[in-house]
Each structure stands twice: as C-alpha cells, then as structure tokens.
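Work through the exercises below with the sequence and the 3D view at hand. Try each task before you read its solution.

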Amino acid sequence: MSLLSHKNNMDLIALADKDHLLSVRDELIANTNIRPQWLHFGSGNIFRSYIALIAQKLQAKRLMDTGIVICEAYDEEILSVSYKQSDNISLSATLNFDGTTDVTPVLSVTKALCLNQSREDREFYLHALTQPSLQIISFSITEKAYELEDASGHILPYIQKDLSCDLQNVSSILPLLLLGLVRRFENGALPLTLMALDNCKHNGDKLKKSLLKLCDMFIQEGKLSAKFKDYLANKIAFPLSMIDKIAPRPDKDVLLKLRALGYTLDDIHLTAKGTYTADFVNSEKTAYLVIEDNFKNSRPPFEQAEIIMTDRASVMLCENMKIESCLNPLQTAAAIAGMLFNYTYISECMEDEIIVSLVKKLGAEGILVVDDPKVLNPKDFLDEAIELRMPNPYINDTPSRIATDSSSKIAIRLGLSVRRYIAKKIHTDDLVAIPLVYALFVRYCAGIDDNLEPYTLPNDLNYNYIKSIGSKLNVIKADDTTLDAVLSVLENETIMGCNLKEAAIFDRVKKLVLSMCQGKGSIRQTLAKELSV
C-alpha cells in the first residue's frame, strides 16, 4: 500500500507543503523528462533527509524547475518499496534535541530508475547522459562503493564480472557510470560534474581515481579508447565536498509517532540485501555541506539552500576537521566501545562515564593538530558533536551501523591525526585516547564483548581479515598466539594508517590490547585506569 493511496496522507502533505510544490509537481516532472538536470546515485537515508531537500529548497524559491532523478543499481528493492509505490513522494522526520519532530514532505524526486531491473529505466538514464541540460550526477553510495579491489589488491568479484562482459551489459555502479559517460562522449563530448557526497576523505578525488583506473581496465580489455579517457580526465569535474548529517535507518518509534500524527504508513521493510527502508526517513537537525566550487557545466545556486561553496583548500580543511578529529573519530570510538559494552544506541554510549571521557579526550587530542578552515569553527563543531549530537536520545543510531567497515576507517580517523603529530613534531608521549582506540579496535575484532559474550561483527570490506585476527585473540588470558595476532595488525600500516613505531606508540598500544585480553571486565578496567575515571 503506497503513501499516496490514503487521502488523509495527501491532506497532511498538502498542509505541510507551505511552498506549494505539490501544485507545480507535474511541471517539475515534465521538465525533468524533457531536460534532466540532476541525477543522483544512492537512494538511502542521507539522500531523502538532506540532499533531496536541498533541491526542494531551490524548487520552492523557483531557482530550479526540474526534479532530481534517483538512480539505483545496488539495492533496487528500495526504489520499488519506498519510491515508485508512492509516486516518489516520502516524508522526512527531523528529530530535534528537545524531543520534538519536524515533518517535511519530500517532493523533489521526480523519477526513480532501477538500472538493472528495468530496461525502460536504463534507457532513460542513458538518454539523460546525452542531454546538454544535465549538469550534475551526485553520489551517496558509501565509501566502499568507490573501491575496485579488496585489501589484498584483488579485483572485487562484481567489478571482475563487469569487466568480462560487454560494456552495454554492466550492472554495478561505477561501470554503469562509465557506460553513461561513454554515451555523453559519443554525443558531443559534453562537460559534466560528478559530485561525490559520501562521508570519506577527498571523496571527489577518490571517485576520479577509481573511474580512471576502471577506464584503464576496460581499455586493456579493448572496450574503451584512450580518447574517452582523455575526455574523462579533462571535461568531467570531480569537486570535493564535506557532508555531515546523522541519518540512521528508519526507526520504529518514529514510525509510531508519524502514525500518531495522522499519517498512514506501511511497516519498515527489510530488503533482501539487508537494507531497512520505509515511506519515511529520520535524521538529526544538524547538517553541514561544504562543496568545492568546481563545476564544468554550470550548477544550481546551492548558496540559496544554505550550502557553503568555497575553494578546494577550504573544503579539504573542513573534511580534515570532521573526518580526522572533530566527529568521525569520536563516533568510531563510541561505536567500538559500544559494541564491546553491549550498548544498543550511541546515545546510551554517551551516558557511560568512561566512554564520554574517552570521546572528550580523543577530541582534545585531535583538535590540537587541526588547521582552522575558517568557514567552520573547529571548537564549536567539536563541542556540538560531544554535547548535543552524539547524546541525542531521539536519534536511535547504533554502534553496529557506525562500526561497519571499521577496518578501512581506522587509517583515516586515527592514522592521519598521528601523522600530523609526527609532521608537526609534537611529542606523542602524552597521547592517551588515540592509543586506547587503536587497542579497542584490535580487541573488537574478536567479536566477544567485555562480559565474554559473543556478538556479530558488522559488515566490513576486510571482514575475513578482521575475523582472522579476532580468531587468534585469547580474550580470557593473552598468550603467545594473541601477541602474534596483535603484532601483525599493529604492523599493518594500511589498517593503522601510519607507522605506529615511528609515532612511538606501538609498544603502548600492544600493552593496552594485551591488558584488554585478561578476561571479563578487563576492557573497562583498562579504560578506567588509563583515563583516570
């Protein structure tokens, strides 16, 4: 049953639509079909709770007269359940710090494309790529979707599968993007901007590097030309961005609240690929988006939607501030500790005196080596994260969600700060939190909490690697096998993000891990001792 099959829902949406977008929605749809302007890959929560609402603000101000076209190639069931049934209209619930909820209808999405399940949808996608009107393809597909190889350097199976088939028959995101760009190249070599909006460092550069490398792979297969690669390298822009908004999976409590307000909504749906999706999304109020103003084929006036447009250097400083010091490391620390202490929500973690002490100390150590980006204030950003955002009990974000792919996050969220200490020639002798979080990560790999109860490790790009490390950890009484496993992971600079011996913290981290492998309660005892709690 769709969101729009109920007259009550339509009445409520019409009341909430102060900018009268419903009255011009047919026009937005028609314009999008004729001259598509903005495509987006990734139909998850951050898209509907933030990115789609950016377009909606511009539409409401009559600064944009087309809609966003959402493209999905990974979990197309999301579109079937949460978009197409409801004419691509849904609800966004903002969960405020005071417990109130703001409900906004999401009306800016005018077309949803299942690129593998529907021939018609794929044909429209390829048609859109040939149009001069197309300015932007944006992405919120998670960091690992940019990867072509695993940690051992082996080509990922789905990439290998696409390399072995005709380009017209590819099915994964980056090869499909190349296919569309080939069409654009063949129809006038028109310029375009690919705008990465994923929460990873140097996201635009990462997307460009992966596409160029994938292009080389297809060239080696005799399926693409060097001329196309030149087009990709020189006529496509890849601006950097820093995006920040907590948008966890749809929550049952929010669903009940929306139903109490009068909306008739379907139950939350779990797709076959393990994605939770619904007629609504829920997120925090806080939102930041800083974008490098580097666009090849014009762009919407994002400034009018409260987006910070700036130069490349400022974006890099903002992402350094967030990803390396003032938010992401704090979330990872709380999430890993939360897994080990068996907490359900991040907000619960932030009620634990030891975890709060760890998070505050980690923030203090990180901000010491942060360069001020000027367009955002690092101390204000950090204080807001610790005092308001992470403790928000109305955001039911989970340790398991944030701990997903930890093996590829540790290098960025800890290793780069350590590198800055080395580069700035600041002694690491006084570091407390950073060595502790490294140790917590290694201990987390065991999949056994501080009460010696097993837990399921979240999905990870290097899942087999962390499982192999964890299987060698004797968490009841550290032994020689445990020591060998600890040494092997601490010496892995790809995972750690730096040379821990050069940073003079190798031996400390090793001792901390061994201290956490001394039976029930040894993790909490180690943290309490080191943090003087």
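**Exercise 1. Two annotated spans**

Task: Find the residues that the "domain: Mannitol dehydrogenase N-terminal" annotation covers, then describe that span.

Solution. Step 1: the UniProt annotation, from an unreviewed entry, covers residues 39–303. UniProt positions follow the numbering used here, feature names are shortened, and annotations may be inferred rather than shown by experiment. This is a predicted model, with residues numbered from 1 along each chain as its sequence is written. Local features need pLDDT of at least 70, side-chain atom pairs count only at pLDDT 80 or more, totals for chains, interfaces and linings use all residues, and side-chain values use heavy atoms, with hydrogens and water left out.

Step 2: residues 39–303 are 34% helix and 21% strand. Helices (H or I, at least four residues) and strands (E, at least two) are DSSP runs, numbered from the N terminus. The end C-alpha atoms of this span are 19 Å apart.

Step 3: turn to the feature "domain: Mannitol dehydrogenase C-terminal", which UniProt (unreviewed entry) places at residues 319–508. This span is 60% helix and 0% strand, and its end C-alpha atoms lie 29 Å apart.

**Exercise 2. Ser138 and its partner**

Task: Is Ser138 buried or exposed? Which side chain does the side chain of Ser138 make a polar contact with?

Solution. Step 1: locate Ser138 in strand S6, residues 136–139. Step 2: read its relative accessible area, which is 0%, so Ser138 is buried. Buried means under 20% relative accessible area, exposed over 50%, and partly exposed in between (1.4 Å probe, protein chains only).

Step 3: the side chains of Ser138 and His40 make a polar contact of 2.6 Å. A polar contact is a pair of N or O atoms within 3.5 Å; within protein, one must be able to donate a hydrogen and the other to accept it, and residues adjacent in sequence count only if both atoms are side-chain atoms. Step 4: beyond four places in sequence, Ser138 touches residues including Trp38, Phe41, Met195 and Leu197. Contact means heavy atoms within 4.5 Å.

**Exercise 3. Two loop residues**

Task: Where are Asn96 and Lys245, and what do their side chains reach?

Solution. Step 1: Asn96 lies in the loop between strand S3 (90–95) and strand S4 (101–106). Its relative accessible area is 7%, so Asn96 is buried. Step 2: a 3.2 Å polar contact links the side chains of Asn96 and Asp102. Asn96 also touches Lys285, Asn392 and Tyr394, among others.

Step 3: Lys245 sits in the loop between strand S9 (241–244) and helix H10 (252–260). At 13% relative accessibility, Lys245 is buried too. Step 4: its side chain reaches the backbone oxygen of Glu284 at 2.5 Å. Among the contacts of Lys245 are Ile46, Tyr50, Lys285 and Arg389.

**Exercise 4. The largest cavity**

Task: How many cavities of 30 Å³ or more are there, and which residues line the largest cavity?

Solution. Step 1: learn the rule. On a 1 Å grid over the protein atoms alone, a cavity is a set of points where a 1.4 Å probe fits but cannot get out; lining residues have an atom within 4 Å of a point. Grid points are joined across faces, edges and corners, and a volume is the space filled by probe spheres set on the points.

Step 2: the count is four cavities of 30 Å³ or more. The largest cavity holds about 60 Å³. Step 3: its lining is Ile246, Gln331, Ile346, Ser347, Arg389, Met390, Asn392, Ile395, Asp397 and Ile402.

Step 4: sort the lining into five nonpolar, three polar and two charged residues. Ala, Val, Leu, Ile, Met, Phe, Trp, Tyr, Cys and Pro count as nonpolar, Asp, Glu, Lys and Arg as charged, and the others, Gly among them, as polar.

Step 5: take Met390, in the loop between helix H15 (378–389) and helix H16 (399–403). Met390 is buried, with a relative accessible area of 4%. Its contacts include Leu330, Ala334, Met350 and Val359.

**Exercise 5. Positive phi**

Task: What is the phi of Asn88?

Solution. Step 1: most residues other than glycine have a negative phi. Step 2: phi of Asn88 is positive, near 65°. Asn88 is buried at 9% relative accessibility.

Technical notes:
1 Å grid on protein atoms, 1.4 Å probe; cavity = no way out; pocket = protein on both sides within 12 Å on 5 of 7 lines; lining within 4 Å.
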